[in-house]
2 protein chains.
Amino acid sequence: MIVDERRSKILKIAEELGFVSLQRLVSELGASESTVRRDLEFLDSTGHIQRTRGGASFLGDSQVDFDTRRRLASSEKQRIARRTVELISEGETVLLDGGTTTLEVARYLVGKSLQVLTNSLPIAALLMNRPEIELIFIGGYVYPRTGVALGEQSVEALKRLHATRLVMSTGGITADGLFNSNALLVETERQMIRAADRVTLVADSSKFGQRALSHLCPLEVVDEIVTDEGVAEEWWQVLERADIRLDVAGGTGRQG
Amino acid sequence: MIVDERRSKILKIAEELGFVSLQRLVSELGASESTVRRDLEFLDSTGHIQRTRGGASFLGDSQVDFDTRRRLASSEKQRIARRTVELISEGETVLLDGGTTTLEVARYLVGKSLQVLTNSLPIAALLMNRPEIELIFIGGYVYPRTGVALGEQSVEALKRLHATRLVMSTGGITADGLFNSNALLVETERQMIRAADRVTLVADSSKFGQRALSHLCPLEVVDEIVTDEGVAEEWWQVLERADIRLDVAGGTGRQG
DNA sequence: GTCAGAACCATTCATATTCTTTCATAGGTT
DNA sequence: AACCTATGAAAGAATATGAATGGTTCTGAC
């Protein structure tokens with residue numbers, strides 16, 4: 001049997017049962033223990049499953065697109081995304097920044113009547129065919145790998161747009177403000193902030209205390225942060241001083 | 001068996017099954033392993049399929065518009081696209097219009113060092129990760145289904161850009177000029193024409209004599225038309241009067 | 001606690017499969 | 001003729017596989 005086909009089957013079984021033992025996979029697939037182990041290792045590294053002693057458990061929701069090998073977002077990111085979408089009302093004009101977390105937000109936007117503005121090619125491709133969403137793409141130089149449009153073109157386009165809310169991601173958060181790793185990106189994001197009434201930052205707890213190459217903006221600019229449960233108490237005060245509402249995306253069954 | 005024909009068959013089989021093994025293709029097509037491998041390599045580079053060890057999987061990727069991937073490009077369109085790309089030199093700045101034929105052109109652009117400007121989301125998604133291509137997206141209101149950015153935003157963005165060549169599609173060609181079915185689209189295409197030194201029209205022979213809702217431009221604007229063999233002789237004179245070079249993509253599947 | 005046995009896992013190695021590269025040939029074009 | 005492209009065959013490289021080995025973690029009895 002071909003590698004991808006077998007791995008695909010493993011995912012299918014794992015998704016169905018939630019958890020599979022190694023032995024069961026061995027007998028069901030007709031492959032050796034070694035091979036199955038190697039497959040589990042691979043699928044773990046791509047984030048599709050979580051290896052555990054004696055088998056593996058399936059991660060995340062069911063819409064896994066295995067063929068494209070797109071990395072599955074962590075369950076933290078999914079929870080943050082879900083919570084963020086709850087904050088958005090029908091009819092809003094939402095400006096969506098690039099990034100893996102905002103891509104998850106876009107997934108959950110499906111079904112809501114909205115105007116969506118974005119400079120992210122993956123997000124645009126995702127929302128393109130949704131009749132309930134009016135999509136406006138902010139053009140510019142398309143940065144490889146991430147597929148985000150940046151640069152002067154994007155800044156100029158943003159100057160002529162207005163949104164009720166910006167959903168932004170970041171490379172790091174400190175008391176000094178937000179950071180990101182790319183100067184062009186920061187320039188574009190600054191203009192996004194100007195174009196929006198309200199700034200909602202999506203950031204998992206690992207971003208707190210992180211610093212990156214370029215300073216993006218002071219904390220005060222942000223209206224609310226949606227994050228996960230792992231934010232240390234010391235930050236609460238810092239955020240309160242900056243008048244930022246901290247929204248912790250609830251979640252029980254944490255894996256791993 | 002003709003090259004194009006065999007590759008079409010591979011695509012057909014791959015689409016039907018989602019995944020095909022190399023061995024199966026070898027026996028089903030009656031070609032050697034080497035040949036099939038070469039075909040798979042080619043179809044991978046054009047973004048139609050994804051090679052994997054032991055075979056290939058069809059890319060029913062969400063990146064490409066649903067409608068366009070429903071009916072795969074006809075071999076006419078593929079030939080037209082291939083011929084068009086032969087006209088484009090390395091280092092050019094190419095402005096690519098939306099449409100199924102121009103999407104095929106984009107597939108064949110892979111591997112050439114170019115600047116590509118486009119307002120088509122499917123084209124951008126295709127070229128996004130190609131390091132040899134500098135991609136600039138022309139933003140605007142994203143028209144559903146086709147995934148093309150249109151409207152004032154796009155027109156304004158185009159005003160600040162310049163390209164050595166526009167590769168354009170059309171809804172119809174008559175002695176009165178070119179036509180397209182959407183007023184917003186026509187407006188954007190007019191600005192594209194202004195932004196480019198040279199206008200290359202890609203149109204299969206069925207477009208000749210067709211008229212559509214909106215008049216786009218007079219014939220004289222076009223510098224050359226790449227088409228297939230089915231263009232009636234009566235058109236030759238018409239095109240000659242408009243000083244348009246007619247480039248017929250050969251039917252044997254041969255390049256050059 | 002700690003000891004033995006069992007289950008599970010990482011690593012290594014030989015083998016098998018698949019892939020890439022190279023070369024020679026056939027068939028068509030200039 | 002020279003030239004180009006497509007093709008198939010074959011050698012060597014790369015990768016996947018299954019079995020074996022030895023190490024680690026779990027379990028239950030003492």
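Strand 9 (residues 163–168) and strand 12 (residues 196–202) of chain A run parallel and are joined by five bridges; strands count as paired if DSSP finds at least two bridges between them. Strands (E, at least two residues) and helices (H or I, at least four) are DSSP runs, numbered from the N terminus. The model is a predicted one, in which local features need pLDDT of at least 70 and side-chain atom pairs count only at pLDDT 80 or more, while totals for chains, interfaces and linings use all residues. Residues are numbered from 1 along each chain as its sequence is written, with chains lettered from A and ligands numbered from 1 in the order in which they are written.

Within strand 12 of chain A, A:V199 is the bridge partner of A:L166. Strand 12 of chain A also pairs with strand 14 (residues 224–227) of chain A, in the parallel sense and over three bridges, and here A:V202 stands opposite A:V226. Five of the seven residues of strand 12 of chain A are buried, so this strand is largely enclosed by the rest of the structure. A residue is termed buried if 20 or more other C-beta atoms lie within 10 Å of its own, exposed if 12 or fewer do, and partly exposed in between, with C-beta atoms placed from the backbone.

Helix 3 of chain A comprises 13 residues (33–45), which at 1.5 Å a residue should span 18 Å; the end C-alpha atoms are 18 Å apart, in agreement with this value. The expected span is 1.5 Å times one less than the number of residues. The buried residues of helix 3 of chain A include A:V36, A:D39, A:L40 and A:L43. These residues cover an arc of only 100° around the axis, which puts them on the same side of helix 3 of chain A; the arc is that of the directions from the helix axis to the C-beta atoms. An α-helix has 3.6 residues a turn, so residues three or four places apart point the same way. The face turned away from the buried side of helix 3 of chain A carries the exposed residues A:S34, A:E41 and A:S45. The cover over the buried residues includes helix 1 (3–17), helix 2 (22–29), strand 2 (49–52) and strand 3 (55–58) of chain A, contact being defined by C-beta atoms, placed from the backbone, that lie within 7 Å. Helix 3 of chain A is followed by A:G47, which has a positive phi near 85°.

Thirteen residues lie around DNA strand D, of which A:S32, A:S34, A:T35, B:S32 and B:T35 come nearest. The elements giving two or more residues to this surface are helix 3 of chain A and helix 3 (33–45) of chain B. Helix 3 of chain A provides the largest share, three residues. DNA strand C is surrounded by eleven residues, and the closest are A:R53, A:G54, B:L22, B:R53 and B:G54. Helix 3 of chain A and helix 3 of chain B are again the elements that give two or more residues.

B:G54 takes a positive phi near 90° in the hairpin of strand 2 and strand 3 of chain B, which has two residues between the strands. Strand 2 (residues 49–52) and strand 3 (residues 55–58) of chain B run antiparallel and are joined by four bridges, with B:Q50 opposite B:S57.

The contact between chains A and B takes 27 residues from chain A and 32 residues from chain B. On the side of chain A, helix 6 (121–127) gives the most, with four residues. Strand 6 (133–137) of chain A pairs with strand 7 (residues 140–143) of chain B in the antiparallel sense over two bridges, and A:F137 has B:G140 as its bridge partner.

In helix 7 (152–159) of chain A, A:Q153, A:S154, A:A157 and A:L158 are buried. They cover an arc of only 130° around the axis, which puts them on the same side of helix 7 of chain A.

In chain B, B:L126 is found in helix 7 (residues 121–127) and counts as buried, with 23 C-beta neighbours inside 10 Å. Leaving aside neighbours within four places in sequence, B:L126 is in contact with B:G47, B:A106 and B:R107. B:L126 and B:R107 are 19 residues apart in sequence and 7.4 Å apart in space, C-alpha to C-alpha.

How values were computed. Contact = placed C-beta atoms within 7 Å. Near = placed C-beta within 6 Å.
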